Amino acid sequence: MNTEEMRSLLAGCLRESSNGYVVDALLENYPNVSELMNANEKEISSIKGIGVVKAKQLSAILEFVRKVYTPDKNKRIFIKSPQDVFNLVRADMEFLQVEHFDVIGLSTKNHLIFKENISIGSLNATIVHPREVFKGLIRRSCAACIFVHNHPSSDPLPSDEDILLTKKLVECGKLIDIEVLDHVIVGAIGGGYISLKEEGKM
């Protein structure tokens, strides 16, 4: 989403002029969607000209957007494709500004058992240790797993380090009889995703 599109949406949501001070102030403080989605009500209300009412209004809209992309926790979730993985993590990962590495634990029938964060890194790197990756999988008796992490740059193409890490974790999984099904990389908002399995880089 470009700046003009953001300007138009903010103006419509807040009933302000697209060239007015309020919209200008918001764009100055949050120049992209990712930064805006990570803003909280207190931060927004501290911007001169926004005020408590508009901050609450905008925070409610942002929370609504997050919930639209969050899977229904009351439904049993099965992971059958990289698209299913993307749908599961999209609400959590598309707007992150640093890399997060998560593990998804699955049953023999690919039913979601759990999802947890393993590592939070800098803007361009995460530190992932196999011991931490597989600890939760062993404890919960998972049959298989999928790894997923985000690229804040919005480019989901895997780095050499991503590929090497994946191959290392695949070998570790073989030793303890937990199959690594895929490693999905999610780009920042609008970047989509890439499956290392589909790319033949497992």
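Biologist: What order do the strands of the open sheet have?
Modeller: The open sheet has five strands in the order β2-β1-β3-β4-β5, and the pairing is mixed; two strands count as paired if DSSP finds at least two bridges between them. Helices (H or I, at least four residues) and strands (E, at least two) are DSSP runs, numbered from the N terminus.

Biologist: Which strands stand at the edges?
Modeller: Those are β2 (112-120) and β5 (193-195), and each has a single partner strand, so one side of each is left without a neighbour in the sheet.

Biologist: Before we go on, what kind of model is this?
Modeller: This is a predicted model, in which local features need pLDDT of at least 70 and side-chain atom pairs count only at pLDDT 80 or more, while totals for chains, interfaces and linings use all residues. Residues are numbered from 1 along each chain as its sequence is written, and side-chain values use heavy atoms, with hydrogens and water left out.

Biologist: OK, and how many bridges join β1 to β2?
Modeller: Seven bridges join β1 (residues 100-106) to β2, and the two strands run antiparallel. Within this pair, Ile 104 stands opposite Lys 115 in β2.

Biologist: Switching to helix α7, which residues are buried there?
Modeller: In α7 (residues 130-139), the buried ones are Pro 130, Val 133, Phe 134, Gly 136 and Leu 137, where buried means under 20% relative accessible area, exposed over 50%, and partly exposed in between (1.4 Å probe, protein chains only).

Biologist: And what does the face turned away from the buried side carry?
Modeller: That face of α7 carries the exposed residues Arg 131, Ile 138 and Arg 139.
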